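Please consult the sequence and structure shown here alongside the text.

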Amino acid sequence: MEKTLLGKTEKKVSRAGFGVLAIGRTHRDLKDEEGSDLLLYGLEKGINFFDTAQYYEEYPVMKAFLKKAFDGGRSRDEIVICTKSLAEDAGSMRDAVDEALNEMDLGYIDIFLMHEVRSGQLEERSGAWEALRELKAEGKVHAIGISTHHTDVAEKAAELRDCDCVFALLNAEGLGIRKGETGGPGERLPGYRIPDRQGTREEMEEALGKCHDAGLGVFTMKALGGGNLAADYREALDYVFSRSFVHSVMLGMSSRSEINDLLDYLEGKLGEDYVPDVSDKVLKVNHDDCVGCGECMKACASGAVYYGDDGLSVIDRDRCIDCGYCAYACPVRAIIRV
Ligand code: SF4
Ligand code: SF4
């Protein structure tokens, strides 16, 4: 697969990256053996760029995958590992990097991001950012950046001191793109949802164009809008792969057939009537377990969670981009894939 230089990170990455979230506990929930084999398959097919995160709880799968790759003769510099943390202060960020190094058994992390930066958080989490700068100077991480769904945050990344890259949400319909703070949950009133703060595709394009022009590496998530754009698979991928400011497109995949289909797409061999099977990708709230605490609502940057008639959470499929944030935030694990 074609490789490209990811801006200031100085890493050469495949045009399509592998989003590891898709094999984790909120999605396909593949066990270490099966999950690591799938990642290895992706590597064999030319994908060398892998994205995970502290809270995905998938470092054991990554470790198993990397061991298999190295045992098979791959060298460390052939594989680009990106991970990220929601850490809000310096100490937590240092712990997050050490955790990633230890749990994946690595000597360095290629790219470490401040995860899911929302409006206003660049200032609030400045201690975590300073820690990342220091960790880069110490050689524990090679490049640093931010991930975000927010256009105003992406815009600021271009001017963030020592920022090497930005990992942002972008798709043809602008699904899940935010702008401004989303607030917290209100009372448990039927129909309540956090007020919408929708950003536009055009605003994100402009922000990422600025990042690209400033030399940052730009890679994107949610090209298929969490499955909502699956019916227009080819058009959705055409859009994001043809943006001149995008170096790489991270795609969540959880089966060999999805990887094969992506390769067919990139090689222009995909059938005209292709529609991916996304039937196993629906998150729902189990009302037998939900206690209505609203943590999922706070975690959802897309305003997709609302209170149903019984005061318990419900997911609006039309707004959901399948990021899994709500499931990880739920204290009683009531959000499940069915
Ligand atoms: S976080 Fe979990 S328990 Fe709380 S409202 Fe959401 S689904 Fe229910
Ligand atoms: S409902 Fe959950 S999975 Fe869907 S967009 Fe919101 S946080 Fe992400």
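A residue is near a molecule if its C-beta atom, placed from the backbone, lies within 6 Å of it. On this criterion 14 residues surround ligand 2, the closest being Cys-300, Cys-320, Cys-323, Tyr-325 and Cys-326. The shell around ligand 2 has 11 nonpolar, two polar and one charged residues (Ala, Val, Leu, Ile, Met, Phe, Trp, Tyr, Cys and Pro count as nonpolar, Asp, Glu, Lys and Arg as charged, and the others, Gly among them, as polar).

The model is predicted: local features need pLDDT of at least 70 and side-chain atom pairs count only at pLDDT 80 or more, while totals for chains, interfaces and linings use all residues. Residues are numbered from 1 along each chain as its sequence is written, and chains are lettered from A and ligands numbered from 1 in the order in which they are written.

Helices are DSSP runs (H or I, at least four residues), numbered from the N terminus. Axes are lines fitted to C-alpha atoms over the stretch in contact, with angles from 0 to 180 degrees between N-to-C directions.

Helix α3 (residues 90-104) packs on helix α5 (residues 126-137) at about 45°, with the axes 7 Å apart. This angle makes α3 oblique to α5 (under 35 degrees is roughly parallel, over 145 roughly antiparallel, 65 to 115 roughly perpendicular, and the rest oblique). The contact of α3 with α5 has seven nonpolar, two polar and two charged residues.

## Helices α2 and α3

The axes of helix α2 (residues 59-71) and α3 come within 8 Å and cross at roughly 45°; α2 and α3 are therefore oblique to each other. Tyr-59, Pro-60, Met-62, Lys-63 and Leu-66 of α2 make the contact with Ala-100, Glu-103 and Met-104 of α3 (C-beta atoms, placed from the backbone, within 7 Å).

Note on methods. Helices (H or I, at least four residues) and strands (E, at least two) are DSSP runs, numbered from the N terminus. Two residues are in contact if their C-beta atoms, placed from the backbone, lie within 7 Å.
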